[in-house]
Amino acid sequence: MNLSRLFSKTPPPGPFRPGAWRSPLRGRWMTSLLASVLLVGIPFVAVTGFLSYAAYNPRLGSNDLTANKGLLGFYLFDWPTEPVWLYAVNQGIHVIGGLVLTPVLLAKLWSVIPKLFTWPPVVSPAQALERLSLLALVGGAIFQFVTGTLNILYWYAFPFSFYPAHLYGAWVFTAGFVVHVAIKLPLMRRARRTRRLIDELRVPLEQTRPEERFEGQDELVPAAPREPTLSRRGLLGLVAGSSAAIFVLTAGQTIGGSVTRPVALLAPRGRVYGDGPNDFQVNKPAASVGVTAEMAGPSYRLELVRGAGGTVARSLSRGQLLELPQHTYRLPIACVEGWSTTQTWTGVRLRDLAALAGVPAGTVMTAESLEGQGTFATTTFSADQVAADKSLLALRVNGVDLSLDHGFPARIIIPAGPGVHNTKWVSRMTFEA
Ligand SMILES: Nc1nc2c(c(=O)[nH]1)N[C@H]1C(S)=C(S)[C@@H](COP(=O)(O)O)O[C@H]1N2
Ligand SMILES: [Mo]
């Protein structure tokens, strides 16, 4: 294409032509109605997302491998250990909220698509800046929704690591979102007042007409509208119905229960279970990370180490662990992907193990797994987490020994924390002395 065309007043053919977009349903009112839903919903998804990052204890040990996170972690704090369902609820809101808002986001993008093709593309430096901020907003939104959804599907179709990418993307999207809301809020409120939702829901297809041009300059209302094939209430019903369907098909993974869990058909995890009392979700089976029954057999020892690179203070067999005081709590495993499962765990308190290693209860601790080098094989816990009553090295679940897939001989269960910190097949604990 000849570059000078970019500056010509005549638009190229296709979607840039005036009149190329002809849906009679587009207009400021429809766009601002969809925007209001996102304005309420997206902050919930964003805030729970940033909280989820804090829950990972990114300031400790090698928990956080995000390069150059710099100022992005300015707000981090010690994640609490009560109430025990904290992370399950946080992550349920984040993941289910994001999925449920997806149809609304798509409808909103559809409603403003003519603006993507305005001609000429750049008229002034100020307008160029505004379009650039929209790139952060729209690009950021699409990036966050797509990577988040692919991540819970374990479909790593992208050539980068999910965790830092979703974190950087969150800040780009948030910046774009805040600027956009600040600029558009007054316009949105005026446009919302041009119609009433309750009236609009009574208008059938035959009486569906394009919106009035809002304040005389509504580029969303087509100059030559097509006949409607869908009423406004039909479009809103489609969006609301899609969101409701996604909610019903996923919420059960967080809420659980014998009725809701089986209908969580869109929640990809949770259909490969174990046997009897060990019959609940397995994230990564032992075989998939190279942990064998032999490694977990009679030769197994748990090493308690005082100080990084320090000496082994104690080395305990599973039999010796079972002789220590045992405690039982009902606690959830709450995965970052949004699913959770609450079980009854029995084992040794982490703070009793700290005492055996000869350190105070409130000591930062790093756990390692028989798994060796895996991403989830090493986790560092805060002093509060080690000291908490309900923080266990679990040996049994629901009254029986752990299955190999659930972390036999011993696994960590931390109250209120993310599932990924419930390290399975624990072979060494190093307490910072
Ligand atoms: N060693 C090890 N521990 C691990 C994992 C792992 O892959 N390796 N997965 C973690 C994740 S992401 C979750 S959600 C929980 C799941 O525990 P479960 O498989 O018993 O349900 O274990 C955690 N502990
Ligand atoms: Mo997880």
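The shell around ligand 1 holds 7 nonpolar, 7 polar and 4 charged residues. Here Ala, Val, Leu, Ile, Met, Phe, Trp, Tyr, Cys and Pro count as nonpolar, Asp, Glu, Lys and Arg as charged, and the others, Gly among them, as polar. This is a predicted model, in which local features need pLDDT of at least 70 and side-chain atom pairs count only at pLDDT 80 or more, while totals for chains, interfaces and linings use all residues. Residues are numbered from 1 along each chain as its sequence is written, chains are lettered from A and ligands numbered from 1 in the order in which they are written, and side-chain values use heavy atoms, with hydrogens and water left out.

**Overall chain**

- The protein chain has 11 helices and 10 strands; these are DSSP runs numbered from the N terminus (helices H or I, at least four residues; strands E, at least two).
- Its C-alpha trace spans about 80 × 45 × 35 Å along the principal axes.
- Of the 433 residues in the protein chain, 48% are buried (buried is under 20% relative accessible area, exposed over 50%, partly exposed in between, with a 1.4 Å probe and protein chains only).

**Ligand 1**

- Ligand 1 is surrounded by 18 residues, the closest being Asn 283, Glu 371, His 406, Arg 411 and Lys 424; a residue is counted if one of its heavy atoms lies within 4 Å.
- A polar side-chain atom of Arg 411 is 2.6 Å from a ligand oxygen, and a backbone N or O atom of Gln 281 is 2.7 Å from an oxygen atom of ligand 1.
- A polar backbone atom of Asn 422 lies 3.0 Å from a nitrogen atom of ligand 1.
- Polar contacts are pairs of N or O atoms within 3.5 Å; within protein, one must be able to donate a hydrogen and the other to accept it, and residues adjacent in sequence count only if both atoms are side-chain atoms.

- H1 is largely enclosed by the rest of the structure, because 20 of its 28 residues are buried.
- H1 has a kink of about 30° at Gly 41, shortly before Pro 43; the bend is the angle between axes fitted to the seven residues ending at a residue and the seven starting there.
- H5 bends by about 50° at Lys 184, and Pro 186 follows within four residues.

**Backbone features**

- Asn 57, in the loop between H1 and H2, has a positive phi near 55° and is buried at 6% relative accessible area.
- Trp 425, in the loop between E9 and strand E10 (426–431), also has a positive phi near 55° and is buried at 2%.
- The peptide bond from Glu 82 to Pro 83 is cis, with omega near -10°, and Pro 83 sits in the loop between H1 and helix H2 (86–111).
- The peptide bond from Phe 408 to Pro 409 is cis, with omega near 10°, and Pro 409 lies in the loop between strand E8 (400–401) and strand E9 (411–413).

**Individual residues**

- Arg 26, in the segment before helix H1 (28–55), is buried at 3% relative accessible area.
- A polar side-chain atom of Arg 26 lies 2.9 Å from the backbone oxygen of Trp 110.
- Gln 373, in the loop between strand E5 (365–369) and strand E6 (378–381), is exposed at 78% relative accessibility.
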